[in-house]
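The sequence and coordinates come next.

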Amino acid sequence: MQNQIMLSWKAVMNYEEQLRTIGHDQIIEDCIAVEKEKVYIYTNILNQLETSVNQAKAILKDAGYYVDNLWHIDDVKQMKSMNDDDAYAILDTIISSDYVIEDIAVSINKAIEAL
């Protein structure tokens with residue numbers, strides 16, 4: 001979604017550059033209006049999604065789950081371009097690995113012993 005917002009703003013800037021070069025053009029001005037409307041819509045969707053995610057995290061936290069450090073597929077995709085399913089599979093493999101689970105359990109035990 002953030003990528004769509006950036007692409008729409010880039011389109012707006014390109015259209016505005018064309019207007020500076022050629023002057024008034026109704027088609028280009030209409031294109032700018034369409035791209036700005038896309039930015040508005042995408043931003044609203046992104047805000048609603050963020051609100052929903054925060055509400056879901058609050059519900060889980062109230063139920064006793066630790067949600068203050070969550071990983072997202074974008075954390076993987078920023079390192080290498082891939083589809084969402086592959087990025088999720090990588091996260092699943094790493095986070096559910098025996099090493100990570102054991103390391104967390106050992107760390108919890110050490111923290112408890114230190115109390």
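Which side chains meet in a salt bridge at 2.9 Å, N to O? They are those of glutamate 17 and arginine 20. A salt bridge here is a side-chain nitrogen of Lys or Arg within 4 Å of a carboxyl oxygen of Asp or Glu. Side chains of opposite charge can pair when their charged atoms come close.

Some ground rules apply. This is a predicted model, where local features need pLDDT of at least 70 and side-chain atom pairs count only at pLDDT 80 or more, while totals for chains, interfaces and linings use all residues. Residues are numbered from 1 along each chain as its sequence is written, and side-chain values use heavy atoms, with hydrogens and water left out.

Back to the pair. Glutamate 17 and arginine 20 both sit in helix α1, residues 2–22. They are three residues apart, about one turn of the helix. Helices are DSSP runs (H or I, at least four residues), strands are runs too (E, at least two), and numbering starts at the N terminus. Arginine 20 is exposed, at 59% relative accessible area. Glutamate 17 is partly exposed, at 40%. The classes are simple: buried is under 20% relative accessible area, exposed is over 50%, and partly exposed lies in between (1.4 Å probe, protein chains only).

The salt bridge count comes to four. Another one joins aspartate 68 and lysine 61, at 3.2 Å, N to O. Aspartate 68 is partly exposed because its relative accessibility is 49%. Lysine 61, at 47%, is partly exposed as well. Lysine 77 and aspartate 84 also meet, at 2.4 Å, N to O. Lysine 77 counts as partly exposed at 27%. Aspartate 84 counts as partly exposed at 38%.

Now look at a charged residue with more cover. Is glutamate 35 buried or exposed? Glutamate 35 is buried, because its relative accessible area is 11%. Its place is in helix α2. Contact means heavy atoms within 4.5 Å. Apart from neighbours within four places in sequence, glutamate 35 touches Ser8, Ala11, Val12 and Tyr15.

Turn to the nonpolar surface. Trp71, Ile90, Ile94 and Ile95 form a nonpolar patch there, with about 420 Å² of accessible area together. Patches take residues with over 30% relative accessible area and no salt bridge; like charges are joined within 9 Å, and nonpolar side chains (Val, Leu, Ile, Met, Phe, Trp, Tyr) within 5 Å. Accessible areas come from the Shrake-Rupley method with a 1.4 Å probe, and for residues only the protein chains shown count as cover. Tryptophan 71 lies in the loop between α2 (26–62) and α3 (73–77). With 56% relative accessible area, tryptophan 71 is exposed.

Step back to the whole chain. It has five helices and zero strands. From the N terminus, the order is α-α-α-α-α. The radius of gyration is 22 Å, well over the 13 Å that the globule rule gives for 115 residues, so the chain is more spread out than a compact globule. That radius is taken over C-alpha atoms, and the rule is 2.2 Å times the number of residues to the power 0.38. The C-alpha trace spans about 70 × 30 × 25 Å along its principal axes.

Of the 115 residues, 12% count as buried. The chain exposes about 9400 Å², and carbon and sulfur atoms supply 58% of that area. Among contacts with a separation of 6 or more, 34% come from residues 24 or more positions apart.
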